[in-house]
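Take a walk through this structure with the model open beside the text.

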Amino acid sequence: MADRAPWSEDRARSILSEFQDMRGALLPMLHGLQEEFGCIDDPAIPLLADALNLSQAEVHGVVSFYEDFRTTRPGHHVLKVCRAEACQSMGAEALLAHAKAHLSVDRGETSADGVFTLETVFCLGNCALSPAVLIDEDLYGRVSPDRLDSLLADYREGAVA
């Protein structure tokens with residue numbers, strides 16, 4: 001995963017302007033900001049509210065409602081563990097518990113070294129190979145706790161680009 005740019009009001013305004021005339025622009029604007037900066041920084045809320053003639057509370061409500069939006073920067077790599085039914089039936093909850101213990105984090109938190117952020121998702125579409133995880137943009141199936149440890153070590157060491 002590429003490191004994200006530091007907050008820049010000028011760059012944020014440029015991103016917002018790309019979607020300004022779009023109907024229902026708030027979600028695309030939020031996605032654009034998060035793609036650029038890695039999260040929705042606090043100073044973005046009044047910019048969004050002003051751009052769309054919304055209250056800051058309305059914008060904050062959308063940011064806090066959708067789990068995909070972060071208000072803190074993620075780690076260098078994002079680990080997503082699937083929690084859909086097929087993965088649950090094949091041990092996803094135990095895998096999630098293992099990931100939490102291995103990284104010393106809870107869901108939505110970043111490891112102390114800043115390398116991994118742990119998230120859960122409802123479905124990765126890899127049901128036949130459950131339990132599944134996504135690390136950055138790389139999908140893995142039939143992930144056991146031992147395999148997860150190996151994958152995390154590879155990402156930590158930079159063996160996976």
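A polar atom of the S130 side chain lies 3.3 Å from the backbone oxygen of A86. That is a polar contact: a pair of N or O atoms within 3.5 Å, where, within protein, one must be able to donate a hydrogen and the other to accept it, and residues adjacent in sequence count only if both atoms are side-chain atoms. The S130 side chain also reaches the backbone oxygen of C127, at 3.0 Å. S130 sits in the loop between strand 2 (116-121) and strand 3 (133-135). Helices (H or I, at least four residues) and strands (E, at least two) are DSSP runs, numbered from the N terminus.

This is a predicted model, in which local features need pLDDT of at least 70 and side-chain atom pairs count only at pLDDT 80 or more, while totals for chains, interfaces and linings use all residues. Residues are numbered from 1 along each chain as its sequence is written, and side-chain values use heavy atoms, with hydrogens and water left out.

Is S130 buried or exposed? S130 is buried, because its relative accessible area is 8%; buried means under 20%, exposed over 50%, and partly exposed in between (1.4 Å probe, protein chains only). Leaving aside neighbours within four places in sequence, S130 is in contact (heavy atoms within 4.5 Å) with A86, C87, M90 and R142.

Now turn to helix 7. Its twelve residues, 145-156, should span 16 Å at 1.5 Å a residue, and the end C-alpha atoms are 16 Å apart, so the two agree. The expected span is 1.5 Å times one less than the number of residues. The buried residues of helix 7 are L148, L151, L152 and Y155. They lie on the same side of helix 7, because they cover an arc of only 100° around the axis. That arc is taken from the directions from the helix axis to the C-beta atoms. An α-helix has 3.6 residues a turn, so residues three or four places apart point the same way. What covers these buried residues includes strand 1 (77-82), helix 6 (92-103), strand 2, strand 3 and strand 4 (138-140). After helix 7 comes G158, with a positive phi near 80°.

Next, the rings. The whole structure holds four aromatic pairs. Rings of Phe, Tyr and Trp (its six-membered ring) pair if their centres lie within 6.5 Å; planes under 30 degrees apart count as stacked, over 60 as edge-to-face and the rest as tilted. W7 and F37 form a tilted pair, 5.2 Å centre to centre with 50° between the planes. W7 is in the segment before helix 1 (9-19) and F37 in helix 2 (residues 26-37), 30 residues apart. W7 counts as partly exposed because its relative accessibility is 24%. F37, at 0%, counts as buried. Y140 and Y155 pair edge-to-face, 6.4 Å centre to centre with 90° between the planes. Y140 lies in strand 4 and Y155 in helix 7, so this pair ties together parts 15 residues apart in sequence. Ring pairs also link F65, Y66 and F69 into a cluster.

Last, the cores. A nonpolar core is a set of buried Ala, Val, Leu, Ile, Met, Phe, Trp, Tyr and Cys residues joined through side-chain atoms within 4.5 Å. The largest has 19 residues, of which L30, L33, I40, L48, V59 and V63 touch the most other members. Helix 1, helix 2, helix 3 (44-52) and helix 4 (56-65) each give two or more residues to this core. Apart from it lies another core, of 18 residues, including L79, V81, I135 and V143.
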